[in-house]
Amino acid sequence: MPETITTDRSSGNSTDTGAANVQHMSMQQALNRALDEVLAENPKTVIFGEDCGRLGGVFRITDGLQAKHGEERVFDTPLAESGILGMSVGLAMAGFHPIPEVQFDGFAYPAINQIVCQIARMNYRSRGTLPMPITLRVPSFGGIRAPEHHGESLEALFAHVPGLKVVSPSNPHDAYHLLKYAATRPDPVIFMEPKSRYWQKGPVDVASAAQRPTHDAGVDDGGSLTGARVVREGRHLTLVAWGAMVSRCLQVAELAAEDGIDVEVLDLRWLKPIDADALARSVGKTRRAVVVHEAPLTSGLGAEVAQLITQSCFATLKAPVERVTGFDVPYPSGDLEDEYIPNIDRILFGIQRVLEYRRG
Amino acid sequence: MTTEPVLAAVDDDAAPLTHHQLRELYTLMAAVRHLDSSAVAWQRQGIIPGYAPELGQEAAQVGSGYAVDRTRDFVFPTYREMGVARAMGLDMVGYMSTHKATWHGGMYNPLESRFAPIQAVVAGSVLHAVGWAHGQTLSGAPEMGVAMTYFGDGASSQGDVHEAMNFAAVMKAPVVFFIQNNGWAISVPTERQVAGGSVAARAAGYGIPSLQIDGNDVVAVFEATRSAFAHCRAGNGPVVIEAMTYRRGPHSTADDPGRYRTLEEERLDGGEDPLERFKQRLLAEGVADAAFFAEAQRAAEDEEEAIRAGIADLGPRPGAEMFSLVFQEPTPALQSQATSWREESEHA
Ligand SMILES: Cc1ncc(C[n+]2csc(CCOP(=O)(O)OP(=O)(O)O)c2C)c(N)n1
């Protein structure tokens, strides 16, 4: 099961930099290491939020950072999300690179005013003189039977706001590199961490962001850190996903292969800006696509992806782009979570719909 | 520990507690203590996925909940008010169902129980209480109901609490802001959370009378809450009560307090156990004897068993509820999603 991208040493065109750089770690460890390095490399970086100092965060992403880098660089704030994000604006104005955390996705809502009206607009409002180099870390999405508001999918909300960028890693390697990348950008980035994947281990090549896809050859190697990544090559259709849904789509692809259906899986990674070229390349080849996301259907990012595909591939598409998503309901309690998050069967039904589509 | 500019004297109700009432308070505290520690055990046994314990806060919760008049008042809890719920006579299987992950907010009837749905947003319901209380003023009921909103010292950092206190004071809304200051907001101690060290002190800025009380003394808590209710009912506007107590165990069953305090610190800061303290008082005053305490413990154990059985019997909710409870009048899009969900789950 290709949980993550594996480094395939057997193929001839490997640009292997040596096993020493490839380490096996969880996404939690990868994120922690990235933050540690960012703090060491940029003295203007500060990390703060609820419980992220002494406790190391409720998910331990900031574990040990306060002890190592001091209480001025990694600190606990009072429990107020609007305060945390509003404070980030002032720190950014003073030349710092804040990496605030909201403890759980649902608690970004109390801070929406500061995120949308201040962080996203200050650069524009000041005609470029007050950039907002803020990386907001948001433990995101469901899958852990958490209480209400501890599992939500806010990507469409954030992606809709002019002035914000949004990214979500699906594996430890990308988590490490994308966080280091985001935390050195001059614009605000919402960094959505799939919390159900925090403890999943995988190889991390700390020396190079580039990792080749499992099935190799000629596709985007992901080395740019700005685009999507093909994590499995296939001929019959493309599954587009991000965050925790990537590994589920890889599972589905294995099952579909048993029926002779050859599925390509595209990890979008950036939800804003979306890598439209990668979509065009992949679906241009497979001519069918299914978008899979945990967020509700209506006005979700699936619609955006479908539109981008339609725009580039309309003439060659063999079926309308399908969506397999959460439902338009408040995020349900643990007992119903498995009904809500796209499961293998629902994704297979989606695949079936695009494969069986006939023009009327 | 009590404070100053105190409440308008409207004390027709302020008779000392009878022996019967004192015993009732103890029985409730014993039930809450046993159910609370059992719920932690249920989590360890895999019966429920999580729970927010209230060990050490029994006096603050039972004493305040006991003052609520369920024919007219309304309580706005957070996620840690099991003792209040029990003191108000809620259906405890319905209460615990939220911790079983059966339904967010619990499965009791909030209108009948006068206890709003459990919720996780810290300070989330503080403004709801103000709105509800202002509704009492607007409807001009002769028997004024009072809203009581519970929150912690951590929650008091939320901007919504400022807005709520300001609104309530301006509108003279009958609201009791009941702060359980248990010393910690997960890992952050009060001194790193609340500037000035006291939530009660802030009330002065809004012109709201406040009481800072010993939250480990159930009788003191009851009496303070009762006089705050009388103050509100008489049309004098809101009251802030800060009950000083201590969260003896972890923040939730997922927390590891060893990361931010030692067992020795816990023992010293926790002070005297509020349950044991009340027991000694009842013994010393001759209000209750050993047989009574044994009976209270037995009743608590029976009750816990019944609740555990009720929880075990809770089946999963039918999936269709996920769709049908969103709106009174569902949208066409949601209906079609429900239809295809049904078809696909039947065929899968
Ligand atoms: C708006 C919001 N932010 C963060 C959280 C996560 N969280 C849950 S409880 C808690 C600490 C609350 O402390 P306090 O208000 O003192 O109440 P206590 O838990 O001590 O009873 C935190 C940070 C939350 N539930 N809601």
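This is a predicted model: local features need pLDDT of at least 70, side-chain atom pairs count only at pLDDT 80 or more; totals for chains, interfaces and linings use all residues.
**Close-up views of the ligand site and aromatic pairs**

View 1. An N or O atom in the side chain of Asp153(B) lies 2.9 Å from an oxygen atom of the ligand. A polar backbone atom of Ala155(B) is 2.8 Å from an oxygen atom of the ligand. For Val122(B), a backbone N or O atom is 3.0 Å from a ligand nitrogen atom. On its own the ligand has 580 Å² of accessible area, and the protein covers 95% of this.

**View 2. The ligand between chains A and B.** The ligand is surrounded by 21 residues, the closest being Glu81(A), Tyr79(B), Arg80(B), Ala120(B) and Trp184(B). This shell consists of 10 nonpolar, six polar and five charged residues.

**View 3. An aromatic pair in chain A, Phe59(A) with Phe104(A).** Over all chains, the structure holds 24 aromatic pairs. Phe59(A) lies in the loop between strand 2 (45-49) and helix 2 (65-69), and Phe104(A) in the loop between strand 4 (97-101) and helix 4 (112-119), so the pair ties together parts of chain A that are 45 residues apart in sequence. Both Phe59(A) and Phe104(A) are buried.

**View 4. An aromatic pair in chain B, Phe151(B) with Phe177(B).** This pair is edge-to-face, with 6.4 Å from centre to centre and 80 degrees between the planes. Phe151(B) belongs to strand 2 (residues 147-152) and Phe177(B) to strand 3 (residues 175-181) of chain B, 26 residues apart. Phe151(B) and Phe177(B) are buried.

Definitions and conventions:
Residues are numbered from 1 along each chain as its sequence is written. Chains are lettered from A and ligands numbered from 1 in the order in which they are written. Side-chain values use heavy atoms; hydrogens and water are left out. A residue is near a molecule or strand if one of its heavy atoms lies within 4 Å of it. A polar contact is a pair of N or O atoms within 3.5 Å; within protein, one must be able to donate a hydrogen and the other to accept it, and residues adjacent in sequence count only if both atoms are side-chain atoms. Accessible areas come from the Shrake-Rupley method with a 1.4 Å probe; for residues, only the protein chains shown count as cover. Ala, Val, Leu, Ile, Met, Phe, Trp, Tyr, Cys and Pro count as nonpolar, Asp, Glu, Lys and Arg as charged, and the others, Gly among them, as polar. Rings of Phe, Tyr and Trp (its six-membered ring) pair if their centres lie within 6.5 Å; planes under 30 degrees apart count as stacked, over 60 as edge-to-face and the rest as tilted. Helices (H or I, at least four residues) and strands (E, at least two) are DSSP runs, numbered from the N terminus. Buried means under 20% relative accessible area, exposed over 50%, partly exposed in between (1.4 Å probe, protein chains only).
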